[in-house]
Amino acid sequence: MRCPKWEGCNAPACPLSRDEGLNVPTLKGERVCLWLREGMKPGGFDRMPADISHVVRKVLPLILVEGGAYLRSKLNTAAKSGSKRTRFASSTAQA
């Protein structure tokens, strides 16, 4: 499956990548996948395309156990903030 954000993302840990996927460490300062961050938020899976949601639901628990400290920290911080997807949808609807 190809991520719709693939061209501009650059997050090393990608749940949709068939290559190295989640086995790549995320170093301090590197981007964290939008879909992983969104999956941490209340209702996050509902804001994803169904095929992406299915994959992220499977890998997110593994990342929270086996992922590096920086990645886990960023995901836990994301869980406490609002959704960029919701904010983007709201701002484009008002424009």
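**Figure 1. Confidence of the predicted model across the protein.** The mean pLDDT of the protein is 83, and 83% of its residues have a pLDDT of 70 or more. The structure shown is a predicted model.

Figure 2. Where pLDDT is low, the predicted coordinates should not be read in detail.

**Figure 3. Crossing of helices α2 and α3.** Helix α2 spans residues 50-66 and helix α3 spans residues 69-78. Their axes come within 8 Å and cross at roughly 125 degrees. This angle lies between the limits of 115 degrees for roughly perpendicular and 145 degrees for roughly antiparallel, and α2 and α3 are therefore oblique to each other.

**Figure 4. Residues at the contact of α2 with α3.** From α2, the residues L60, I63, L64 and V65 take part; they meet L71, R72 and L75 of α3. By class, the residues of this contact comprise six nonpolar, no polar and one charged.

Figure 5. R72 has a relative accessible area of 29%. Since buried means under 20% and exposed means over 50%, R72 is classed as partly exposed. Apart from neighbours within four places in sequence, R72 is in contact with I63, L64, V65 and G67.

**Figure 6. Separation of R72 and T26.** In sequence, R72 and T26 are 46 residues apart. In space, the C-alpha atoms of R72 and T26 are 9.7 Å apart.

How values were computed: Residues are numbered from 1 along each chain as its sequence is written. This is a predicted model: local features need pLDDT of at least 70, side-chain atom pairs count only at pLDDT 80 or more; totals for chains, interfaces and linings use all residues. Side-chain values use heavy atoms; hydrogens and water are left out. pLDDT is the predictor's confidence in each residue, from 0 to 100. Axes are lines fitted to C-alpha atoms, for helices over the stretch in contact, and angles run from 0 to 180 degrees between N-to-C directions. Helices (H or I, at least four residues) and strands (E, at least two) are DSSP runs, numbered from the N terminus. Angles under 35 degrees count as roughly parallel, over 145 as roughly antiparallel, 65 to 115 as roughly perpendicular and the rest as oblique. Contact means heavy atoms within 4.5 Å. Ala, Val, Leu, Ile, Met, Phe, Trp, Tyr, Cys and Pro count as nonpolar, Asp, Glu, Lys and Arg as charged, and the others, Gly among them, as polar. Buried means under 20% relative accessible area, exposed over 50%, partly exposed in between (1.4 Å probe, protein chains only).
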